[in-house]
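Take a look at the model below.

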Amino acid sequence: MTVRVGEGQHWVASRYTRFISVEGDRGVGGMLYNSYTGALASVSSEEQGEVARLLNGVIETPEDAEGLAGELLAAGFLVPADADELRRASKFHEALKTAGTMHLVLMPTEACNFRCAYCYQTFKRGAMTRDVIEGLKTYVRKAAERVGHLSVSWFGGEPLLAFDAIAELSDSFMDSCRRGGARYSADMSTNGYGLTKEKLAALIERQVRRYMITVDGEAGVHDRRRKLRGGGGTYRTIMDNLRELRSLDAEYTVDLRVNFDEDNIAGLKTWLNELSALLGGDRRFGLLVRPVGRWGGPRDAQLPVCDRTASDRYLWELAEYGRQAGLPISGAVADALMPAGSVCYAAKPNAMVVGTDGSLYKCSVALDDEANQVGKLGRDGTMRLDRDKIALWTDSGEEQDAVCRACFYRPACQGNHCPLYRMRTGKRPCPHEKRKLKRALGLLWNDHVE
Ligand code: SF4
Ligand code: SF4
(Lines give C-alpha, C1' and ligand atoms only; values in the text may rest on other atoms or scores of the structure.)
(Ligands and ions follow the chains in the order given, each with its own letter.)
Protein backbone atom coordinates (compact mmCIF):
# COMPACT_ATOMS: atom_id res chain seq x y z
CA MET A 1 0.00 0.00 0.00
CA THR A 2 1.25 3.46 -0.83
CA VAL A 3 0.25 6.64 0.94
CA ARG A 4 1.30 9.94 -0.55
CA VAL A 5 2.26 12.79 1.71
CA GLY A 6 0.73 16.10 0.84
CA GLU A 7 2.90 19.14 0.33
CA GLY A 8 4.35 20.42 3.56
CA GLN A 9 2.98 17.50 5.57
CA HIS A 10 5.34 15.71 7.94
CA TRP A 11 4.82 12.39 9.68
CA VAL A 12 6.27 11.17 12.95
CA ALA A 13 5.92 8.14 15.22
CA SER A 14 2.65 8.12 17.16
CA ARG A 15 3.03 8.60 20.92
CA TYR A 16 1.03 5.37 21.20
CA THR A 17 3.44 3.32 19.10
CA ARG A 18 5.92 0.89 20.62
CA PHE A 19 8.46 -1.18 18.75
CA ILE A 20 10.22 -4.06 20.47
CA SER A 21 12.85 -6.50 19.31
CA VAL A 22 12.01 -10.12 19.96
CA GLU A 23 13.85 -13.38 19.80
CA GLY A 24 12.21 -16.79 19.84
CA ASP A 25 11.66 -20.01 17.98
CA ARG A 26 10.91 -18.02 14.81
CA GLY A 27 14.33 -16.39 14.97
CA VAL A 28 14.92 -12.69 15.49
CA GLY A 29 12.43 -9.96 14.62
CA GLY A 30 10.27 -7.26 16.06
CA MET A 31 6.72 -6.35 16.98
CA LEU A 32 5.07 -3.01 16.36
CA TYR A 33 2.09 -2.03 18.43
CA ASN A 34 -0.16 1.01 18.58
CA SER A 35 -2.59 1.29 21.49
CA TYR A 36 -4.83 3.83 19.73
CA THR A 37 -5.47 1.91 16.51
CA GLY A 38 -4.87 -1.54 18.01
CA ALA A 39 -2.49 -2.33 15.15
CA LEU A 40 -0.07 -5.17 15.78
CA ALA A 41 2.54 -6.01 13.18
CA SER A 42 5.33 -8.48 13.05
CA VAL A 43 8.58 -7.06 11.62
CA SER A 44 11.19 -9.27 9.99
CA SER A 45 14.86 -8.95 10.93
CA GLU A 46 15.54 -7.45 7.45
CA GLU A 47 12.91 -4.75 8.00
CA GLN A 48 13.97 -3.82 11.53
CA GLY A 49 16.57 -1.20 10.64
CA GLU A 50 14.24 0.58 8.23
CA VAL A 51 11.35 0.56 10.71
CA ALA A 52 13.59 2.06 13.40
CA ARG A 53 14.75 4.75 10.94
CA LEU A 54 11.18 5.66 10.01
CA LEU A 55 9.99 5.75 13.61
CA ASN A 56 12.86 7.87 14.78
CA GLY A 57 12.81 10.37 11.97
CA VAL A 58 10.40 12.68 10.20
CA ILE A 59 8.98 11.70 6.83
CA GLU A 60 8.97 14.71 4.61
CA THR A 61 8.89 13.60 1.01
CA PRO A 62 6.34 11.61 -0.95
CA GLU A 63 9.03 9.04 -1.87
CA ASP A 64 9.67 8.43 1.81
CA ALA A 65 6.00 7.62 2.38
CA GLU A 66 5.83 4.70 -0.01
CA GLY A 67 6.34 0.99 0.62
CA LEU A 68 7.05 0.17 4.24
CA ALA A 69 6.44 3.75 5.36
CA GLY A 70 3.07 3.72 3.65
CA GLU A 71 2.09 0.65 5.61
CA LEU A 72 3.17 2.31 8.86
CA LEU A 73 1.08 5.35 8.01
CA ALA A 74 -1.98 3.29 7.16
CA ALA A 75 -1.80 1.37 10.45
CA GLY A 76 -1.35 4.53 12.53
CA PHE A 77 2.19 3.76 13.70
CA LEU A 78 3.07 7.09 12.08
CA VAL A 79 0.82 10.14 12.39
CA PRO A 80 0.86 13.68 10.98
CA ALA A 81 3.36 15.75 12.96
CA ASP A 82 0.63 18.22 13.89
CA ALA A 83 -1.88 15.57 15.06
CA ASP A 84 -3.26 16.29 18.54
CA GLU A 85 -3.02 12.73 19.80
CA LEU A 86 -3.99 13.57 23.37
CA ARG A 87 -7.20 15.10 22.08
CA ARG A 88 -7.87 12.03 19.94
CA ALA A 89 -7.45 9.78 22.98
CA SER A 90 -9.70 12.00 25.03
CA LYS A 91 -12.40 11.93 22.35
CA PHE A 92 -12.10 8.16 22.12
CA HIS A 93 -12.57 7.89 25.89
CA GLU A 94 -15.67 10.10 25.73
CA ALA A 95 -17.08 8.08 22.83
CA LEU A 96 -17.01 4.94 25.00
CA LYS A 97 -19.58 6.58 27.24
CA THR A 98 -22.07 6.96 24.44
CA ALA A 99 -21.17 3.81 22.52
CA GLY A 100 -24.09 1.92 21.06
CA THR A 101 -23.05 -1.23 22.87
CA MET A 102 -24.61 -2.56 26.04
CA HIS A 103 -22.92 -5.13 28.24
CA LEU A 104 -24.85 -7.05 30.90
CA VAL A 105 -23.02 -9.30 33.35
CA LEU A 106 -25.73 -11.63 34.61
CA MET A 107 -25.80 -13.97 37.58
CA PRO A 108 -28.52 -16.52 36.87
CA THR A 109 -27.57 -17.95 40.26
CA GLU A 110 -25.26 -16.85 43.05
CA ALA A 111 -24.92 -20.43 44.30
CA CYS A 112 -21.92 -22.57 43.42
CA ASN A 113 -21.16 -26.28 43.53
CA PHE A 114 -17.46 -25.51 44.22
CA ARG A 115 -15.71 -24.07 47.26
CA CYS A 116 -12.41 -22.74 45.91
CA ALA A 117 -9.66 -21.84 48.34
CA TYR A 118 -9.34 -18.26 47.09
CA CYS A 119 -12.98 -17.50 46.27
CA TYR A 120 -14.29 -14.09 47.31
CA GLN A 121 -18.01 -14.89 47.02
CA THR A 122 -20.33 -15.45 49.97
CA PHE A 123 -23.17 -17.40 48.25
CA LYS A 124 -25.83 -15.53 50.21
CA ARG A 125 -28.43 -15.88 47.50
CA GLY A 126 -29.51 -18.71 45.24
CA ALA A 127 -31.22 -18.64 41.85
CA MET A 128 -32.43 -15.54 40.03
CA THR A 129 -35.98 -14.68 41.01
CA ARG A 130 -38.89 -14.75 38.55
CA ASP A 131 -39.30 -10.96 38.96
CA VAL A 132 -35.72 -10.37 37.89
CA ILE A 133 -35.99 -12.74 34.92
CA GLU A 134 -39.09 -10.91 33.70
CA GLY A 135 -37.50 -7.54 34.44
CA LEU A 136 -34.46 -8.43 32.36
CA LYS A 137 -36.56 -9.57 29.42
CA THR A 138 -38.51 -6.30 29.41
CA TYR A 139 -35.37 -4.21 29.89
CA VAL A 140 -33.60 -5.87 26.97
CA ARG A 141 -36.69 -5.67 24.74
CA LYS A 142 -36.59 -1.88 25.04
CA ALA A 143 -32.80 -1.59 24.99
CA ALA A 144 -32.53 -3.63 21.77
CA GLU A 145 -34.38 -0.85 19.96
CA ARG A 146 -31.69 1.71 20.76
CA VAL A 147 -28.38 -0.16 20.99
CA GLY A 148 -26.45 -1.65 18.08
CA HIS A 149 -24.97 -4.53 20.06
CA LEU A 150 -25.94 -6.33 23.25
CA SER A 151 -23.32 -8.52 24.84
CA VAL A 152 -24.09 -10.74 27.81
CA SER A 153 -21.61 -12.36 30.18
CA TRP A 154 -23.00 -15.30 32.13
CA PHE A 155 -21.44 -15.25 35.53
CA GLY A 156 -22.20 -16.55 39.01
CA GLY A 157 -21.88 -18.42 41.39
CA GLU A 158 -21.72 -21.19 38.85
CA PRO A 159 -24.02 -20.15 35.99
CA LEU A 160 -24.58 -23.67 34.68
CA LEU A 161 -26.47 -24.54 37.87
CA ALA A 162 -29.17 -22.32 36.38
CA PHE A 163 -29.10 -23.58 32.81
CA ASP A 164 -32.88 -23.24 32.37
CA ALA A 165 -32.79 -19.55 33.30
CA ILE A 166 -29.90 -19.02 30.86
CA ALA A 167 -31.83 -20.74 28.09
CA GLU A 168 -35.03 -18.80 28.79
CA LEU A 169 -33.27 -15.44 28.98
CA SER A 170 -31.06 -16.11 25.96
CA ASP A 171 -34.05 -17.03 23.80
CA SER A 172 -35.83 -13.87 24.85
CA PHE A 173 -32.75 -11.65 24.36
CA MET A 174 -32.07 -13.10 20.92
CA ASP A 175 -35.67 -12.54 19.88
CA SER A 176 -35.59 -8.95 21.16
CA CYS A 177 -32.32 -8.25 19.35
CA ARG A 178 -33.69 -9.69 16.13
CA ARG A 179 -36.75 -7.48 16.35
CA GLY A 180 -34.80 -4.42 17.46
CA GLY A 181 -32.05 -4.87 14.87
CA ALA A 182 -29.26 -5.26 17.45
CA ARG A 183 -26.37 -7.69 17.26
CA TYR A 184 -26.21 -10.23 20.10
CA SER A 185 -23.23 -12.09 21.58
CA ALA A 186 -22.52 -13.89 24.84
CA ASP A 187 -19.74 -15.45 26.90
CA MET A 188 -19.59 -17.45 30.11
CA SER A 189 -17.31 -17.90 33.11
CA THR A 190 -17.89 -21.44 34.35
CA ASN A 191 -15.99 -23.91 36.49
CA GLY A 192 -16.49 -26.39 33.66
CA TYR A 193 -17.84 -29.17 35.87
CA GLY A 194 -21.26 -29.18 34.20
CA LEU A 195 -20.15 -28.16 30.71
CA THR A 196 -20.88 -31.32 28.79
CA LYS A 197 -20.79 -31.53 25.01
CA GLU A 198 -24.60 -31.42 24.90
CA LYS A 199 -24.73 -28.33 27.12
CA LEU A 200 -22.10 -26.65 25.01
CA ALA A 201 -24.06 -27.34 21.82
CA ALA A 202 -27.23 -25.94 23.42
CA LEU A 203 -25.35 -22.85 24.58
CA ILE A 204 -23.72 -22.25 21.21
CA GLU A 205 -27.20 -22.22 19.69
CA ARG A 206 -27.78 -19.35 22.09
CA GLN A 207 -24.67 -17.54 20.91
CA VAL A 208 -22.53 -18.30 23.98
CA ARG A 209 -19.31 -18.70 22.08
CA ARG A 210 -16.57 -17.72 24.50
CA TYR A 211 -15.89 -19.56 27.77
CA MET A 212 -13.51 -19.20 30.65
CA ILE A 213 -12.73 -22.37 32.59
CA THR A 214 -10.24 -22.46 35.45
CA VAL A 215 -7.91 -25.39 36.11
CA ASP A 216 -5.18 -24.91 38.69
CA GLY A 217 -2.67 -27.67 38.02
CA GLU A 218 -2.42 -31.43 38.20
CA ALA A 219 -5.23 -33.46 39.75
CA GLY A 220 -4.01 -33.46 43.36
CA VAL A 221 -3.22 -29.75 43.40
CA HIS A 222 -6.36 -28.70 41.57
CA ASP A 223 -8.61 -30.85 43.76
CA ARG A 224 -7.13 -29.34 46.91
CA ARG A 225 -7.78 -25.79 45.66
CA ARG A 226 -11.02 -26.22 43.69
CA LYS A 227 -13.07 -28.80 45.50
CA LEU A 228 -16.78 -29.57 45.43
CA ARG A 229 -19.02 -27.85 47.92
CA GLY A 230 -19.54 -31.06 49.89
CA GLY A 231 -15.89 -32.07 49.45
CA GLY A 232 -14.42 -34.18 46.66
CA GLY A 233 -12.33 -33.56 43.59
CA THR A 234 -13.39 -31.82 40.40
CA TYR A 235 -10.35 -32.28 38.16
CA ARG A 236 -11.26 -35.52 36.47
CA THR A 237 -14.76 -34.38 35.48
CA ILE A 238 -13.50 -31.06 34.08
CA MET A 239 -10.78 -32.81 32.07
CA ASP A 240 -13.23 -35.40 30.73
CA ASN A 241 -15.56 -32.58 29.72
CA LEU A 242 -12.76 -30.67 27.97
CA ARG A 243 -11.79 -33.80 26.03
CA GLU A 244 -15.39 -34.22 24.93
CA LEU A 245 -15.85 -30.56 24.05
CA ARG A 246 -12.93 -30.78 21.72
CA SER A 247 -14.78 -33.24 19.56
CA LEU A 248 -17.61 -30.77 18.92
CA ASP A 249 -17.21 -29.29 15.48
CA ALA A 250 -18.37 -25.76 16.19
CA GLU A 251 -17.13 -22.20 16.45
CA TYR A 252 -16.32 -21.34 20.06
CA THR A 253 -13.31 -20.57 22.23
CA VAL A 254 -12.29 -21.59 25.72
CA ASP A 255 -9.85 -19.56 27.80
CA LEU A 256 -8.11 -22.14 29.98
CA ARG A 257 -7.41 -20.02 33.00
CA VAL A 258 -4.65 -21.12 35.33
CA ASN A 259 -4.51 -19.26 38.65
CA PHE A 260 -1.14 -19.44 40.34
CA ASP A 261 0.23 -18.56 43.76
CA GLU A 262 3.08 -19.84 45.92
CA ASP A 263 1.03 -22.96 46.68
CA ASN A 264 0.82 -24.37 43.14
CA ILE A 265 3.51 -22.59 41.14
CA ALA A 266 6.16 -25.30 41.49
CA GLY A 267 4.32 -28.04 39.58
CA LEU A 268 2.65 -25.98 36.88
CA LYS A 269 5.19 -26.37 34.10
CA THR A 270 5.13 -30.16 34.29
CA TRP A 271 1.35 -30.09 34.29
CA LEU A 272 1.16 -27.74 31.27
CA ASN A 273 2.75 -30.56 29.25
CA GLU A 274 -0.11 -32.81 30.37
CA LEU A 275 -2.67 -30.17 29.45
CA SER A 276 -1.08 -29.75 26.06
CA ALA A 277 -1.29 -33.49 25.42
CA LEU A 278 -5.06 -33.15 25.90
CA LEU A 279 -5.81 -29.85 24.17
CA GLY A 280 -2.65 -28.62 22.47
CA GLY A 281 -2.81 -27.51 18.87
CA ASP A 282 -6.55 -26.76 18.93
CA ARG A 283 -6.66 -22.97 18.63
CA ARG A 284 -10.11 -22.83 20.22
CA PHE A 285 -8.44 -23.65 23.56
CA GLY A 286 -6.11 -20.85 24.68
CA LEU A 287 -4.00 -20.59 27.80
CA LEU A 288 -4.58 -17.65 30.14
CA VAL A 289 -2.27 -17.46 33.17
CA ARG A 290 -3.24 -15.17 36.04
CA PRO A 291 -1.98 -14.65 39.61
CA VAL A 292 -4.34 -15.28 42.53
CA GLY A 293 -5.13 -11.96 44.20
CA ARG A 294 -6.64 -10.89 47.48
CA TRP A 295 -10.09 -10.36 45.97
CA GLY A 296 -11.96 -9.74 49.24
CA GLY A 297 -12.79 -13.31 50.28
CA PRO A 298 -12.94 -14.53 53.87
CA ARG A 299 -9.52 -16.24 53.60
CA ASP A 300 -7.73 -13.34 51.95
CA ALA A 301 -5.17 -12.84 54.71
CA GLN A 302 -4.03 -16.48 54.56
CA LEU A 303 -3.74 -16.74 50.77
CA PRO A 304 -0.17 -17.46 49.65
CA VAL A 305 -0.28 -14.85 46.86
CA CYS A 306 2.92 -14.03 44.99
CA ASP A 307 4.25 -10.51 45.30
CA ARG A 308 3.92 -8.27 42.29
CA THR A 309 7.44 -8.82 40.95
CA ALA A 310 7.15 -12.60 41.22
CA SER A 311 3.64 -12.51 39.68
CA ASP A 312 4.85 -10.56 36.68
CA ARG A 313 7.72 -12.97 36.17
CA TYR A 314 5.78 -16.22 36.63
CA LEU A 315 2.83 -15.10 34.51
CA TRP A 316 4.81 -14.56 31.32
CA GLU A 317 7.22 -17.43 31.98
CA LEU A 318 4.33 -19.88 32.34
CA ALA A 319 2.48 -18.50 29.34
CA GLU A 320 5.61 -18.84 27.20
CA TYR A 321 6.29 -22.29 28.57
CA GLY A 322 2.73 -23.38 27.77
CA ARG A 323 3.03 -21.99 24.26
CA GLN A 324 6.24 -23.90 23.69
CA ALA A 325 4.52 -27.02 24.99
CA GLY A 326 1.89 -26.60 22.27
CA LEU A 327 -0.90 -24.63 23.93
CA PRO A 328 -2.12 -21.61 21.95
CA ILE A 329 -2.25 -18.29 23.77
CA SER A 330 -5.68 -17.10 24.86
CA GLY A 331 -7.15 -14.36 22.68
CA ALA A 332 -7.54 -12.36 25.90
CA VAL A 333 -3.87 -11.30 25.69
CA ALA A 334 -4.22 -9.64 22.29
CA ASP A 335 -7.69 -8.34 23.22
CA ALA A 336 -6.21 -6.50 26.22
CA LEU A 337 -3.96 -4.54 23.86
CA MET A 338 -6.82 -3.26 21.70
CA PRO A 339 -8.34 0.23 22.08
CA ALA A 340 -10.39 0.07 25.32
CA GLY A 341 -9.41 -3.61 25.52
CA SER A 342 -8.08 -3.28 29.06
CA VAL A 343 -10.97 -1.18 30.37
CA CYS A 344 -13.05 -3.10 32.93
CA TYR A 345 -16.79 -3.16 32.40
CA ALA A 346 -17.15 -1.55 35.83
CA ALA A 347 -15.82 1.65 34.29
CA LYS A 348 -18.23 1.64 31.34
CA PRO A 349 -21.48 3.55 31.85
CA ASN A 350 -23.35 1.21 29.51
CA ALA A 351 -22.40 -1.94 31.44
CA MET A 352 -24.14 -3.35 34.48
CA VAL A 353 -23.83 -6.41 36.70
CA VAL A 354 -27.22 -7.87 37.69
CA GLY A 355 -27.55 -10.02 40.81
CA THR A 356 -30.17 -12.69 41.36
CA ASP A 357 -32.39 -10.36 43.41
CA GLY A 358 -32.16 -7.54 40.85
CA SER A 359 -29.39 -5.70 42.70
CA LEU A 360 -27.29 -3.72 40.25
CA TYR A 361 -23.53 -3.49 40.60
CA LYS A 362 -20.67 -2.09 38.56
CA CYS A 363 -18.00 -4.56 39.73
CA SER A 364 -18.65 -8.30 39.85
CA VAL A 365 -16.20 -8.84 42.71
CA ALA A 366 -17.02 -6.35 45.50
CA LEU A 367 -20.68 -7.30 45.83
CA ASP A 368 -20.80 -6.44 49.54
CA ASP A 369 -19.22 -3.02 49.06
CA GLU A 370 -21.86 -0.31 49.45
CA ALA A 371 -20.20 1.86 46.82
CA ASN A 372 -20.82 -0.97 44.37
CA GLN A 373 -24.54 -1.32 45.11
CA VAL A 374 -25.62 1.14 42.48
CA GLY A 375 -29.29 0.36 41.87
CA LYS A 376 -32.12 -2.08 41.45
CA LEU A 377 -33.89 -3.68 38.49
CA GLY A 378 -37.68 -3.83 38.78
CA ARG A 379 -40.04 -6.46 37.34
CA ASP A 380 -41.26 -3.81 34.90
CA GLY A 381 -37.78 -3.58 33.38
CA THR A 382 -36.84 -0.23 34.86
CA MET A 383 -33.47 0.35 36.48
CA ARG A 384 -33.37 2.66 39.49
CA LEU A 385 -29.82 3.96 39.52
CA ASP A 386 -27.63 5.96 41.89
CA ARG A 387 -25.70 8.12 39.39
CA ASP A 388 -23.28 9.45 42.02
CA LYS A 389 -22.20 5.95 42.97
CA ILE A 390 -21.90 4.96 39.31
CA ALA A 391 -19.61 7.96 38.72
CA LEU A 392 -17.20 6.55 41.34
CA TRP A 393 -16.59 3.68 38.91
CA THR A 394 -16.88 5.40 35.56
CA ASP A 395 -15.01 8.65 36.24
CA SER A 396 -12.08 7.60 38.40
CA GLY A 397 -9.56 6.77 35.67
CA GLU A 398 -7.92 9.10 33.19
CA GLU A 399 -10.37 11.89 34.08
CA GLN A 400 -8.67 12.20 37.46
CA ASP A 401 -5.16 11.04 36.69
CA ALA A 402 -2.66 13.10 34.69
CA VAL A 403 -0.16 10.22 34.61
CA CYS A 404 -2.75 8.02 32.89
CA ARG A 405 -3.52 10.78 30.40
CA ALA A 406 0.15 10.89 29.43
CA CYS A 407 0.62 7.10 29.36
CA PHE A 408 1.42 5.43 26.02
CA TYR A 409 -1.07 2.68 26.90
CA ARG A 410 -3.88 5.16 27.64
CA PRO A 411 -6.24 4.28 24.73
CA ALA A 412 -6.24 0.61 25.77
CA CYS A 413 -6.58 1.14 29.52
CA GLN A 414 -7.82 4.68 30.10
CA GLY A 415 -6.68 4.36 33.71
CA ASN A 416 -9.62 2.03 34.19
CA HIS A 417 -8.27 -1.49 34.11
CA CYS A 418 -9.62 -2.08 37.62
CA PRO A 419 -11.45 0.80 39.32
CA LEU A 420 -11.77 -1.35 42.46
CA TYR A 421 -7.99 -1.68 42.79
CA ARG A 422 -7.57 2.08 42.44
CA MET A 423 -10.37 2.67 44.97
CA ARG A 424 -8.94 0.28 47.55
CA THR A 425 -5.22 0.96 47.19
CA GLY A 426 -5.05 4.46 45.73
CA LYS A 427 -2.63 3.07 43.14
CA ARG A 428 -2.83 2.92 39.36
CA PRO A 429 -4.27 -0.39 38.10
CA CYS A 430 -1.79 -0.91 35.24
CA PRO A 431 -2.63 -4.21 33.50
CA HIS A 432 -0.21 -7.11 33.15
CA GLU A 433 0.18 -6.49 29.42
CA LYS A 434 1.32 -2.90 29.94
CA ARG A 435 3.66 -3.71 32.80
CA LYS A 436 5.47 -6.30 30.73
CA LEU A 437 4.73 -5.19 27.19
CA LYS A 438 7.90 -6.75 25.82
CA ARG A 439 6.91 -10.15 27.23
CA ALA A 440 3.32 -9.80 25.98
CA LEU A 441 4.35 -8.80 22.45
CA GLY A 442 7.08 -11.43 22.40
CA LEU A 443 4.50 -14.05 23.31
CA LEU A 444 2.16 -12.95 20.52
CA TRP A 445 5.02 -12.83 18.05
CA ASN A 446 5.98 -16.37 18.91
CA ASP A 447 2.31 -17.38 18.70
CA HIS A 448 2.30 -16.22 15.08
CA VAL A 449 0.03 -13.23 15.42
CA GLU A 450 0.54 -11.04 12.37
S1 SF4 B 1 -13.39 -3.34 39.03
FE2 SF4 B 1 -11.61 -4.71 39.21
S3 SF4 B 1 -12.31 -6.37 40.52
FE4 SF4 B 1 -14.14 -5.32 39.79
S5 SF4 B 1 -14.79 -6.43 37.95
FE6 SF4 B 1 -13.42 -4.74 37.30
S7 SF4 B 1 -11.38 -5.65 37.18
FE8 SF4 B 1 -12.68 -7.03 38.43
S1 SF4 C 1 -3.51 2.66 34.84
FE2 SF4 C 1 -1.39 2.38 34.17
S3 SF4 C 1 -1.54 1.48 32.10
FE4 SF4 C 1 -3.52 2.33 32.63
S5 SF4 C 1 -3.45 4.38 31.69
FE6 SF4 C 1 -2.84 4.57 33.86
S7 SF4 C 1 -0.60 4.48 33.84
FE8 SF4 C 1 -1.34 3.68 31.86
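Which domains does the domain assignment of the protein chain give? The assignment lists domain 1 (11-83) and domain 2 (126-337). The C-alpha centres of domain 1 and domain 2 lie 35 Å apart. Keep in mind that this is a predicted model.

**The sheet**

Next comes the sheet. Ten strands form an open sheet with mixed pairing. The strand order is S13-S12-S10-S9-S8-S6-S14-S15-S16-S17. Strand S13 (285-291) and strand S17 (383-385) stand at the edges. Each of these edge strands has a single partner strand, so one side of each is left without a neighbour in the sheet. From one strand to the next, the twist averages 25°.

Now zoom in on one pair. Strand S14 (residues 351-354) and strand S15 (residues 359-361) run antiparallel and are joined by two bridges. Val 353 has Tyr 361 in S15 as its bridge partner. A helix also packs on the sheet: helix H5 (residues 163-180) touches strand S8 (149-154) and strand S9 (183-190). The direction of H5 makes about 160° with that of S9.

**A buried helix**

Why is helix H17 (residues 437-446) largely enclosed by the rest of the structure? Eight of its ten residues are buried, so the rest of the structure largely encloses H17. Among the buried residues of H17 are Arg 439, Leu 441 and Trp 445. The cover over the buried residues of H17 includes strands and helices. Among them are strand S2 (17-24), strand S3 (27-34) and helix H10 (308-325). Just after H17, His 448 takes a positive phi of about 65°.

**Two ligands**

Two ligand shells can be set side by side by residue class.

Ligand 2 has its own shell. The residues surrounding ligand 2 include Cys 404, Cys 407, Cys 413 and Cys 430. Arg 410, His 417, Arg 428 and Lys 434 are also among the residues around ligand 2. Helix H13 (402-406) and helix H14 (410-413) are the elements that give two or more residues to this shell.

Definitions and conventions: Residues are numbered from 1 along each chain as its sequence is written. Chains are lettered from A and ligands numbered from 1 in the order in which they are written. This is a predicted model: local features need pLDDT of at least 70, side-chain atom pairs count only at pLDDT 80 or more; totals for chains, interfaces and linings use all residues. A residue is near a molecule or strand if its C-beta atom, placed from the backbone, lies within 6 Å of it. Helices (H or I, at least four residues) and strands (E, at least two) are DSSP runs, numbered from the N terminus. A residue is buried if 20 or more other C-beta atoms lie within 10 Å of its own, exposed if 12 or fewer, and partly exposed in between; C-beta atoms are placed from the backbone. Two residues are in contact if their C-beta atoms, placed from the backbone, lie within 7 Å. Domain bounds come from an automatic or database domain assignment. Two strands pair if DSSP finds at least two bridges between them. Axes are lines fitted to C-alpha atoms, for helices over the stretch in contact, and angles run from 0 to 180 degrees between N-to-C directions.
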